[in-house]
Amino acid sequence: REDLWVREGKILNPEKLFFDEKGSADVQVDCKGSIIAPGFIDVQINGGFGVDFSLATDDFKSGIDLVSQKILSHGVTSFCPTLVTSPPSVYHQILPQISVRNGGPHGAGILGAHLEGPFISREKKGAHPEHCLRTFEAGAFQDLLATYGSLDCVRIVTLAPEMERSSEVIRELTKRGICVSLGHSVANLSQAEEAVQHGATFITHLFNAMLPFHHRDPGIVGLLTSDKIPAGRRVFYGMISDGIHTNPAALRIAHRAHPKGLVLVTDAIAGMGLAPGRHTLGQQVVEIDGLNTYIAGTKTLSGSVATMDTCVRHFQEATGCSVEMALEAASLHPAQLLGIEHSKGTLNYDSDADFLMLNDSLYVQATYIAGQEVWRQDTSGM
């Protein structure tokens, strides 16, 4: 019901414009009753449209460009390309080719890589290839550096906190401003709490690839209501709200227990946006059957083919939460997790003008980055 003012890529406080500059708008856009919301931020996406971020190819850059272009239609304005457990040579080849960059007509912005593995639990490896898994040996942080090759463009590392020497690794990563996420893990609650006390702030796809909730030791899930979280700190948790990875009742339990920590992630794989059949996820072959994705020949779930806007709609439907809450789980919360909420994830004055126009059913009508329209729903055929 109000105006949104934008200038030079930022959301503008119009008061100054009216009273000091006596200015008016150069361009006016009639939003026709759309909802205007901050652009979505996907902190866990393994690929899409035939591109797999964990496959070292000569044209890796064009692959990442394709995905960043195509996800604009899902309302995603920035993302963390995610690599699943891979051999060191793959990290050494791929990570130098990922650079943090702003979004624009060319595609969604890249916030830095999310490295999921290889320092994770064998029992809870999920779709990660067992022969590439690693533990922390003496000189654990140096070992991690040698495995990845460089942390220059890394934003998030998912590891299993029950591993010996994980505490020093969590401290070192946190010191460098890298977000540590707990996942693919058999950690009990006290191990998870200790990891948070050392700086971990995120949980990778809650309920998936971790010990199930048990009343005497709720495991990582217990962090949602733990009283051992350091003062002033919030633990965030990712959820794949695709109707397959987590039962709607589990979504509701998590949301009611800790609504301000919920971050929607797609965990999308190369097969997102493609026809059913066989596709890759890093070193593995996966089969897509409807919205189900399995490691070929098994019933092991391996990522999703859901789009971010689908996850937002499913989350809102499953929990009955407010529209604002559903939109914040895909924008404000991931921005807070990454510490970029002063520039992304809100429509506050002086923040980046990355925003969406949605209809009342939360279907994306148009996507804007830095105040520029980068995608619009084609209505000519309707």
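Is arginine 216 buried or exposed? At 68% relative accessibility, arginine 216 counts as exposed (over 50% relative accessible area; buried is under 20%, partly exposed lies in between; 1.4 Å probe, protein chains only). This is a predicted model, where local features need pLDDT of at least 70 and side-chain atom pairs count only at pLDDT 80 or more, while totals for chains, interfaces and linings use all residues. Numbering runs from 1 along each chain as its sequence is written, and side-chain values use heavy atoms, with hydrogens and water left out.

**View 1. The largest nonpolar core.** This core (buried Ala, Val, Leu, Ile, Met, Phe, Trp, Tyr and Cys residues joined through side-chain atoms within 4.5 Å) has 90 residues. Ile98, Leu159 and Leu173 have the most contacts inside it. Helix H8, residues 308–319, supplies the largest share, five residues; helices (H or I, at least four residues) and strands (E, at least two) are DSSP runs numbered from the N terminus.

**View 2. Around isoleucine 98.** Leaving out residues up to four places away in sequence, isoleucine 98 touches Phe60, Ile64, Pro81, Leu83, Ile110, Ala113 and Cys153 (contact: heavy atoms within 4.5 Å).

**View 3. Positions from the UniProt record.** The unreviewed UniProt entry puts "binding site" at Ala127, Asn208, Ala209, Arg216, His245, Leu301, Ser302 and Gly303; such annotations may be inferred rather than shown by experiment. The farthest two C-alpha atoms are 29.8 Å apart, so these positions do not all gather at one spot.

**View 4. Histidine 245 in its loop.** Histidine 245 sits between S13 and helix H7 (248–257) and counts as buried, at 10% relative accessibility. Its contacts include Asn208, Leu301 and Gly303.
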